[in-house]
Amino acid sequence: MDSGERAWIDRFISHLLQERRLSAHTAAAYRHDLATLAEFCARRSLKSWDVLGNSHMRTFAAAQHGGGLSPRSIQRRLSAARTFYEFLLREGHCARNPALDVRAPKPKKRLPATLDADQMGRLLAFRVDDTLSTRDKAIMELFYSSGLRLAELVGLEMGAVDLQDRTVRVLGKGSKTRIVPIGRFAIDALKKWRQERAGLVKSDVQALFVGRSGRPLSVRAVQLRVGAWGRRQGIGVHVHPHMFRHSFATHLLESSGDLRGVQELLGHANIGTTQIYTHLDFQHLATVYEAAHPRARRRQRSA
């Protein structure tokens, strides 16, 4: 690509700075992305901006991905190209925008952050010595015991928890109700919290978890308290309510290998949602497969 064509990048950057009043930092990012595109064109003997087609832009995106650039960064470069071509169209230098409808590869799903069993044990190993610590212990034990979402826990009423039956009735997404078991540590913590709660609330308040004022606890209050306990217990990472749900699912799946059972406990409508928790050692997965899959068992018998 010759200097005359590259000069259009300079004109575009001037347009960004003077007409659109973008920052120098943003303009520099556009310049870098478009210089990368210009180099791509030069390597393929594409001599002007007007000769680029949709297939060229797809090849550009694929080459960037093959070079190790993240999907987010590729999307930014494609966005820069689209905006650049809008400018070229306005100036009458091009007849089409080849970057339209070209998308970056989808980013890989991030694995949910979890605590291992030792970290979780350390987080929950604090002494209860007042009303708030009693409440917080019950909240976190119930989170980890039953894999509840934050909104589900905050929405619990007194009648939802059956300490005798060791279950909790949860109203999940889509107003779907599920019954989830409660572990013994959570049962003990809830019994102590119920005693403390009686001195805080009036009879017409049904929320299981309340604040100092006796009013239902807010989502934000739970987030702040959980984060504070993570720091106090020296966990070393930011602890948030959903981390208990992720850890619950991961630890249960690692020990049982029962993906369908974990799906039911989490209240996932689609098992594909639950499969994000299958970041297990491959050997463990192979063992589960050999033990459970009908064709695997049949092959073993015939071997």
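How many bridges join strand 2 to strand 3, and do they run parallel or antiparallel? Strand 2 (residues 167-171) is joined to strand 3 by 5 bridges, and the two run antiparallel. Before we go on, please keep in mind that this is a predicted model, in which local features need pLDDT of at least 70, side-chain atom pairs count only at pLDDT 80 or more, and totals for chains, interfaces and linings use all residues. Residues are numbered from 1 along each chain as its sequence is written, and side-chain values use heavy atoms, with hydrogens and water left out.

Helices (H or I, at least four residues) and strands (E, at least two) are DSSP runs, numbered from the N terminus. Across the pairing, Val170 stands opposite Arg178 in strand 3, and Leu171 stands opposite Thr177. In the hairpin of these strands, 5 residues lie between them, and Gly174 there takes a positive phi near 70°.

In a regular strand the side chains alternate between the two faces of the sheet. Strand 3 (residues 177-181) has a covered face with Arg178 and Val180, and an uncovered one with Thr177, Ile179 and Pro181.

Glu152 counts as buried because its relative accessibility is 5%; buried means under 20% relative accessible area, exposed over 50%, and partly exposed in between (1.4 Å probe, protein chains only). Leaving aside residues up to four places away in sequence, Glu152 touches Val170, Leu171, Gly172, Lys173, Arg178 and Arg245, where contact means heavy atoms within 4.5 Å.

Just after helix 2, Ser45 takes a positive phi of about 55°.

The axes of helix 1 (residues 3-18) and helix 4 (residues 71-90) come within 10 Å and cross at roughly 100°. Here, axes are lines fitted to C-alpha atoms over the stretch in contact, and angles run from 0 to 180 degrees between N-to-C directions. The contact is made by Trp8, Ile9, Arg11, Phe12 and His15 of helix 1 and Thr83, Phe84, Phe87, Leu88 and Arg90 of helix 4.

Definitions and conventions:
Two strands pair if DSSP finds at least two bridges between them.
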